[in-house]
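Student: I would like to learn how to read a structure like this one, feature by feature. Could we start with the aromatic rings?

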Amino acid sequence: MVGSLSEIKSKIISTEKTSKITSAMRMVSSAKLVQSEQAAKHFQIYASKIRQITTDLLKSELSGESINPMLVAREVKKTAYVVITSDKGLVGGYNSKILKAMMDIIEEYHSNSDDYAIISIGGVGSDFFKARKMNVLFELRGLQDQPSFEQVGQILSKTVEMYKNELFDEVYVCYNHHVNSLTSQVRVEQMLPIADLDAKEATQEDISSFELEPNREVILEQLLPQYTESLIYGAIVDAKTAEHAAGMTAMQTATDNAKNVINDLTIQYNRARQAAITQEITEIVAGANALE
């Protein structure tokens, strides 16, 4: 019985240490979540401005027949998916949700591996797709907790450039959208060709009446890739926020479970200790009776 008591006590101490670690990790994730939510709000200000400028410049094309290659849908021979996951685990079902959605899309829409390519952001996704020998075009690992545009700019510009060179004909971003600290939603959004702009969103004043330097076409040539890159970057920021929320929730759940385990072990320990004491008393009484 002494050995049993010792084992239970050891489990209690071990679980208490685990509980302290998960509690600390929850607080870290909570702090990161606050920073990510603030960064996402700041980005939305930029995103709304660049969307307005782009819509104003493209008002005439959006109202009629567009000839800009980044706006025109072409025959789809190959699709690129930018899939955003985390670089590590301990984030609950965050990665499994997006990876399952991605596999469902491939199974439904692609019978041939040559029909699609994956651009993986995050180590978990990269390892998942490579283990299944899927077509990972390129990957980005080690994303910062608050990713800067400079860190992801190269992979974004490469993606847009490959689309312009017709190496694939459409680009989708697959990620977890942050709703609140307890909820995220899987989103699959088309980024190229650009299809979410509406001429009705343009300002009343016709921007074509302004003198543009060097000219409208050159400006659009720079602006449209930048607009697309900003949309993908916004999805990365959003996904990172959802990741921190998932990490916070997972660690809170782990901490709560550890406390429940400690309570159960404590009850088990007390019962075992009481049984040991009762056994000792019984042996003493039996020994005293034997001497009479």
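Tutor: Gladly. Rings of Phe, Tyr and Trp count as a pair if their centres lie within 6.5 Å. With that rule, ring pairs link Phe-43, Tyr-46, Phe-149 and Tyr-233 into a cluster. Keep in mind that this is a predicted model.

Student: How many aromatic pairs does a search of the whole structure find?

Tutor: The search finds 5 aromatic pairs. Phe-43 and Tyr-46 make a tilted one, with 6.1 Å from centre to centre and 45 degrees between the planes.

Student: What numbers describe such a pair in general?

Tutor: A pair of aromatic rings is described by the distance of the centres and the angle of the planes. For the label, planes under 30 degrees apart are stacked, those over 60 are edge-to-face, and the rest are tilted.

Student: Where do Phe-43 and Tyr-46 lie?

Tutor: Here the general idea is about helices: an α-helix has 3.6 residues a turn, so residues three or four places apart point the same way. In this structure, Phe-43 and Tyr-46 both belong to helix H1 and are 3 residues apart, about one turn of the helix.

Student: Why is the pair of Tyr-81 and Tyr-172 called stacked?

Tutor: The ring centres of Tyr-81 and Tyr-172 are 6.0 Å apart and the planes are at 25 degrees, so this pair is stacked. The pair links distant parts of the chain, with Tyr-81 in strand E1 and Tyr-172 in strand E4, 91 residues apart. Tyr-81 has a relative accessible area of 4% and is therefore buried.

Student: Let us move to the strands. How do E1 and E4 pair?

Tutor: E1 and E4 pair in the parallel sense, over 5 bridges. As an example, Val-83 has Cys-174 in E4 as its bridge partner.

Student: And in which sense do E4 and E5 run?

Tutor: E4 and E5 run antiparallel and are joined by 9 bridges. They form a hairpin with 2 residues between them. E4 is mostly covered, with 9 of its 11 residues buried.

Student: Which way do side chains point along a strand?

Tutor: In a regular strand the side chains alternate between the two faces of the sheet. Now take a polar residue as a case to look up. Thr-79 lies in strand E1. Its relative accessibility is 2%, so Thr-79 counts as buried. A polar contact of 2.8 Å joins its side chain to that of Glu-170. Beyond its sequence neighbours within four places, Thr-79 is in contact with residues including His-110, Asp-115, Phe-168 and Tyr-172.

Student: How many residues does the largest nonpolar core have?

Tutor: To read a core, look for buried nonpolar residues joined through side-chain atoms within 4.5 Å. The largest nonpolar core has 43 residues, and Ile-84, Ile-121, Val-152, Ile-155, Val-171 and Val-173 have the most contacts inside it. Elements that give two or more residues to this core include helix H1, helix H5, strand E4 and helix H6. H6 gives the most, with 12 residues.

Student: What is Val-173 in contact with?

Tutor: Setting aside neighbours within four places in sequence, Val-173 is in contact with Val-82, Ile-84, Arg-187, Val-188, Glu-189, Met-191, Ile-232 and Ala-235. A second, separate core of 15 residues includes Tyr-81, Val-83, Ile-118 and Val-136.

Student: Which elements do the buried residues of H4 pack against?

Tutor: They pack against E1, helix H3, E2 and E3. The buried residues of H4 are Gly-123, Gly-125, Ser-126, Phe-128 and Phe-129. Just after H4, Lys-133 takes a positive phi of about 55 degrees.

Student: Finally, what does the secondary structure of the whole chain come to?

Tutor: It comes to 6 helices and 5 strands, in the order α-α-β-α-β-α-β-α-β-β-α along the sequence. Of the 292 residues, 41% count as buried. Among contacts between residues at least 6 apart in sequence, 75% join residues at least 24 apart.

Technical notes:
Residues numbered from 1 in each chain as written. Predicted model: local features only at pLDDT ≥ 70, side-chain atom pairs only at ≥ 80, totals over all residues. Heavy atoms only, no water. Buried < 20%, exposed > 50% of the residue type's maximum accessible area, 1.4 Å probe, protein only. Helix = DSSP H or I, 4+ residues; strand = E, 2+ residues; numbered from the N terminus. Contact = heavy atoms within 4.5 Å. Polar contact = N/O pair within 3.5 Å; in protein donor to acceptor, adjacent residues only side chain to side chain. Pairing = 2+ DSSP bridges.
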